[in-house]
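Reader: I am new to reading protein models. Can you take me through one, feature by feature?

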Amino acid sequence: MLVRDTICALATPPGVGGLAVIRLSGPDSFTIADLCFRGSRLLAEVDSHTIHYGKFYDAEQALVDTITASVFRAPHSYTGENTVEFSCHGGLIVSQELSAALIAAGARPAEPGEFTKRAFLNNKLDLTQAEAVADIIHSVSQQGTHAAARQLLGGLTRRLRELRSSLVEICGLLELELDFSMEDIEFIDRKELRAKLVSALAFCKELTDSFQASEIMRSGYNVGIVGYPNAGKSSLLNAMLNKKRAIVSPTPGTTRDYIEEHLVIGGTMINIFDTAGLRSSEDRIEIEGIQLAQTLLRQCNLLLILNDSTLSFDHSQALVERLQQDFPSATCVLVQNKIDLLDEQSVAYIASSLCISAVTTDGIDAVKALIAEYARRDMAHAGSLMINARHVALLQMVIQSLHNALEALETAPSNEFIAIDVREALRKIGEITGDTWSENVLDEVFARFCIGK
Ligand SMILES: Nc1nc2c(ncn2[C@@H]2O[C@H](COP(=O)(O)OP(=O)(O)O)[C@@H](O)[C@H]2O)c(=O)[nH]1
Ligand SMILES: [Mg+2]
């Protein structure tokens with residue numbers, strides 16, 4: 001273990017609460033803690049994983065609070081270092097005073113994610129597990145929290161280790177074969193080699209394919225409300241939120257910007273966008289709004305295409321077709337609005353569609369249920385893994401190397417070329433788990449963390 005300084009930070013959100021927890025980690029944790037804390041024994045002398053009640057004093061020896069101190073001895077702590085966690089009364093000033101006293105006694109304020117970074121550097125976690133910690137904290141869905149929790153226990157690590165060992169085996173055999181190249185011995189059947197590479201490729205593709213689902217679990221399910229002007233898009237948003245959020249007006253082109261709101265449905269954060277009505281317009285601001293809507297819709301997982309059923313039931317058909325073509329990865333659902341203005345016969349005629357009235361809020365629960373169902377379906381693709389953009393970028397390089405290896409298998413005169421590509425793929429897998437890392441990569445990963453984690 002490398003020798004590092006001792007860091008401290010508030011681990012709970014700042015503000016008023018029942019308790020606040022201040023973390024102290026590093027080689028001098030117990031010495032520093034004992035300068036501030038007075039219990040029945042010195043913390044330097046107590047057993048690991050014990051909790052102690054006592055008084056906490058500032059640098060001037062003034063009493064700050066009565067607190068408990070939890071002691072963890074290296075390497076059996078989150079960071080792998082000597083750690084003390086102080087639980088004090090949850091007040092803004094109390095927790096600030098505790099931190100200030102620890103700093104006066106020799107600790108340094110921690111940087112964002114520094115505790116988890118130390119856990120990584122002390123081999124308590126690999127990089128995908130450290131990322132899972134951030135995902136647990138930031139995740140906006142139950143599914144995401146659960147998937148991240150499994151990843152923290154080594155879910156992705158295990159899958160990557162399987163991939164790695166199959167590639168290591170290929171490499172070993174190829175290199176052995178090269179050592180005996182003069183004798184023309186084939187250690188690995190070409191057909192078998194091909195099958196192994198193809199299955200490694202399929203596995204990498206499966207992982208990259210779960211990126212979109214992981215993103216939904218991480219940041220929420222994006223739903224765009226689209227339609228021609230006056231279809232009732234802003235009214236639908238308001239009905240779903242149960243408040244007057246967007247301006248509703250009979251004048252077409254009222255929503256020129258877009259509005260983003262959030263709603264938790266079925267344990268998942270739903271990000272809803274109300275967009276400018278799609279039509280050809282002369283108005284400069286409205287055109288900009290329509291362009292903005294296009295960019296926004298690209299990020300949507302589900303598009304609710306709202307049709308003004310009083311005009312005609314297939315009034316928006318052309319729009320549905322265009323959106324399906326322009327945004328093939330989004331699910332498009334046609335919604336018939338303003339059914340309160342229809343006669344009974346007409347309502348019966350379109351009963352098989354999703355029918356709503358944004359004014360009477362008839363059918364709004366059905367819209368929410370539909371969103372929840374699609375969100376669940378789209379998240380199911382992730383299996384139990386949380387794939388992020390960093391993983392995808394590296395996996396794409398692995399995929400490229402494996403493609404090159406397959407090509408070399410068909411065309412290259414010697415197996416040496418295949419081994420080079422497979423070794424390159426292995427190097428990139430090592431970057432995903434953090435077997436090989438650089439300061440830049442760590443900075444990028446831990447920038448997502450908050451202070452105290
Ligand atoms: N009767 C009735 N009027 C509606 C309904 N939904 C919207 N409207 C009206 O249609 C007009 C346009 O609504 P708005 O939500 O601003 O449409 P947007 O341009 O698509 O955002 C307003 O006068 C609304 O009151 C509905 O379900 N029933
Ligand atoms: Mg509007």
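Author: Helices (H or I, at least four residues) and strands (E, at least two) are DSSP runs, numbered from the N terminus. A residue is near a molecule if one of its heavy atoms lies within 4 Å of it. Now the case here: helix 9 (residues 233-241) gives the most to the shell around ligand 1, with three residues.

Reader: What should I know about the model itself?

Author: It is a predicted model: local features need pLDDT of at least 70, side-chain atom pairs count only at pLDDT 80 or more, and totals for chains, interfaces and linings use all residues. Residues are numbered from 1 along each chain as its sequence is written, chains are lettered from A and ligands numbered from 1 in the order in which they are written, and side-chain values use heavy atoms, with hydrogens and water left out.

Reader: How many residues surround ligand 1, and which are the closest?

Author: 17 residues surround ligand 1. The closest are N230, K233, S235, D340 and A358. For residue classes, Ala, Val, Leu, Ile, Met, Phe, Trp, Tyr, Cys and Pro count as nonpolar, Asp, Glu, Lys and Arg as charged, and the others, Gly among them, as polar. The shell around ligand 1 divides into seven nonpolar, seven polar and three charged residues.

Reader: Which atoms of S235 and A358 lie by an oxygen atom of ligand 1?

Author: Look for polar contacts (pairs of N or O atoms within 3.5 Å). S235 brings a polar side-chain atom to 2.6 Å from an oxygen atom of ligand 1. A358 uses a polar backbone atom, 2.9 Å from an oxygen atom of the ligand. N230 also places a backbone N or O atom 2.9 Å from a ligand oxygen.

Reader: How much of ligand 1 does the protein bury?

Author: Accessible areas come from the Shrake-Rupley method with a 1.4 Å probe. Taken alone, ligand 1 exposes 580 Å², and the protein buries 86% of that.

Reader: How do I read a sheet?

Author: Two strands pair if DSSP finds at least two bridges between them. One open sheet has six strands in the order 9-10-8-11-12-13, with mixed pairing. Its edge strands are strand 9 (259-265) and strand 13 (354-355), each pairing on one side only. Inside this sheet's order, strand 8 (residues 221-227) and strand 11 (residues 302-308) run parallel, joined by five bridges. G224 stands opposite L303 in strand 11.

Reader: In what order do the strands of the seven-stranded sheet come?

Author: The order is 3-4-5-6-2-1-7, again an open sheet with mixed pairing. Strand 3 (37-39) and strand 7 (108-109) are the edges. Strand 3 pairs with strand 4 (residues 50-57) in the antiparallel sense, over three bridges.

Reader: Which backbone angles deserve a look?

Author: Most residues other than glycine have a negative phi, and most peptide bonds are trans. Phi of N242 is near 65°, a positive value. N242 is in the loop between helix 9 and strand 9. The peptide bond from A74 to P75 is cis, with omega near 0°. P75 lies in the loop between strand 5 (63-72) and strand 6 (83-89).

Key:
Polar contact = N/O pair within 3.5 Å; in protein donor to acceptor, adjacent residues only side chain to side chain.
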